[in-house]
Amino acid sequence: MSLITTQSLGERTTHSYAGSLYLLPSDEAERERCVICYLTPEDYSPVPLIRLLAQHRLYTRLLSGRLILAPITLLDKDEVLDIGTGAGAWLCDARAHLLESVQLYGIDIESRLFPSYKAFSANVHLSVGSATDLPSYWSSKFALVHQRLLILAYSREQWRRCIDEMYRVLVPGGYAQLIEIGPEWVSGPKTAAHLLFMDEFLANKGMLMRCGVYITDMMKAAGFVDVKCEEVVMNLGTWAGEDGIQGRDALIGAWKGMRDSVMKEGGFGRFTSTEEFDKAMDEIAEEWDHLECSHTAVRAFYGRKPM
């Protein structure tokens with residue numbers, strides 16, 4: 001694959017990596033949706049609320065504060081890879097809990113979301129590239145490979161290729177850890193209708209709306225052993241308090257981020273304008289606020305490359 005110039009669709013800026021299917025934008029609004037807020041308490045008041053609802057912090061809390069779920073202890077000079085690093089939130093947080101000698105690598109198809117290099121220490125390395133074609137010289141390099149929330153990034157074949165690449169770049173005994181949302185979203189009729197649309201829209205691109213159903217089997221097929229899956233409930237809506245509000249905003253923010261991809265294909269037979277799309281998302285958010293059953297799941301998968 002090659003890197004080409006960034007494109008703009010309407011008001012959102014999309015990624016520019018040739019051959020990638022990734023459906024979400026890569027602009028400042030997306031950075032704010034995803035990035036952790038590194039501010040002292042006295043700095044909180046002027047910060048836009050969206051930063052305090054950061055996706056990274058939400059998912060970390062749902063997983064009981066665990067950044068690394070795989071049963072591994074990272075040792076002196078071990079190396080870690082974060083795939084789809086985006087704004088570097090997971091890397092920044094993980095760095096604070098690891099030895100300074102551990103080398104942390106982040107890779108993404110777009111550098112636009114990367115944080116300023118002054119935010120990182122010398123043991124953090126960022127690069128542009130695809131998870132389906134990692135550098136050949138990375139074979140048997142990493143003790144841990146982490147990937148989170150790339151449900152809107154891969155086709156079925158790219159999922160297989162990505163997991164194969166994780167296996168290749170791990171040292172024997174190393175672990176891969178993948179965190180995804182779904183595979184079910186439980187609420188009312190508006191949610192159900194949109195999920196049917198999403199299933200059809202993504203299937204038309206060869207993508208997997210319910211990738212969490214297949215990850216365990218794909219990891220085993222790649223050669224991983226001791227593959228485990230942990231699942232936690234993510235409540236959606238004001239009825240569930242602050243966690244429900246943050247879950248709602250994170251997920252609706254991601255779905256709204258798909259708007260330009262959908263409208264680029266003429267609304268795929270359902271939406272006639274960007275305003276109609278945004279209204280539909282707002283109505284789903286309202287449904288979640290009023291239906292106390294509204295929830296989805298977060299699944300964490302991890303497996304070991306044999307010695």
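Residues are numbered from 1 along each chain as its sequence is written, and side-chain values use heavy atoms, with hydrogens and water left out. Since the model is a prediction, local features need pLDDT of at least 70 and side-chain atom pairs count only at pLDDT 80 or more, while totals for chains, interfaces and linings use all residues.

The chain contains 10 helices and nine strands; these are DSSP runs numbered from the N terminus, with helices (H or I) of at least four residues and strands (E) of at least two. Of its 307 residues, 52% count as buried, where buried means under 20% relative accessible area, exposed over 50% and partly exposed in between, for a 1.4 Å probe and protein chains only.

Helix H3 (residues 55-62) is mostly covered, with six of its eight residues buried. Those buried residues are Gln 55, His 56, Leu 58, Tyr 59, Thr 60 and Leu 62. Just after H3 comes Ser 64, with a positive phi of about 60°.

Now for the helix pairs. Two packed helices are described by the angle between their axes and the distance between the axes. Axes here are lines fitted to C-alpha atoms, for helices over the stretch in contact, and angles run from 0 to 180 degrees between N-to-C directions. Angles under 35 degrees count as roughly parallel, over 145 as roughly antiparallel, 65 to 115 as roughly perpendicular and the rest as oblique. As for handedness, a crossing is left-handed if the near helix is turned anticlockwise from the far one by less than a right angle, and right-handed if clockwise.

The crossing is left-handed. On the H6 side, the contact involves Pro 189, Lys 190, Thr 191 and His 194, which meet Met 281, Glu 283, Ile 284, Glu 287 and Trp 288 of H10. By class, that makes four nonpolar, two polar and three charged residues; Ala, Val, Leu, Ile, Met, Phe, Trp, Tyr, Cys and Pro count as nonpolar, Asp, Glu, Lys and Arg as charged, and the others, Gly among them, as polar.

From H8, the contact draws on Arg 248, Leu 251, Ile 252, Trp 255 and Lys 256, and from H10 on Phe 277, Asp 278, Met 281, Asp 282, Ile 284, Ala 285, Trp 288 and Asp 289. Eight of these residues are nonpolar, five are charged and none is polar.

Elsewhere, helix H5 (residues 156-169) and helix H7 (residues 215-222) have axes that come within 9 Å and cross at roughly 50°, which makes H5 oblique to H7. H5 passes H7 in a right-handed crossing. Trp 159, Arg 160, Ile 163, Asp 164 and Tyr 167 of H5 make the contact with Ile 215, Met 218, Met 219 and Ala 222 of H7. The tally is seven nonpolar, no polar and two charged.

Then there are the charges. Side chains of opposite charge can pair when their charged atoms come close. A search of the whole structure turns up 17 salt bridges, each a side-chain nitrogen of Lys or Arg within 4 Å of a carboxyl oxygen of Asp or Glu. One of them joins Glu 283 to Lys 190, with the closest N and O atoms 3.7 Å apart. This pair links distant parts of the chain, Glu 283 lying in H10 (residues 274-290) and Lys 190 in H6 (residues 189-204), 93 residues apart. Both ends are partly exposed, Glu 283 at a relative accessible area of 28% and Lys 190 at 40%.

Asp 249 and Arg 248 meet in another salt bridge, at 2.8 Å from N to O. Here Asp 249 is partly exposed at 27%, whereas Arg 248 counts as buried at 14%. Arg 259 and Asp 260 pair too, their closest N and O atoms being 3.5 Å apart, and both residues are buried. Finally, Arg 161, Glu 165 and Arg 168 are linked in a network of salt bridges.

Technical notes
Contact = heavy atoms within 4.5 Å.
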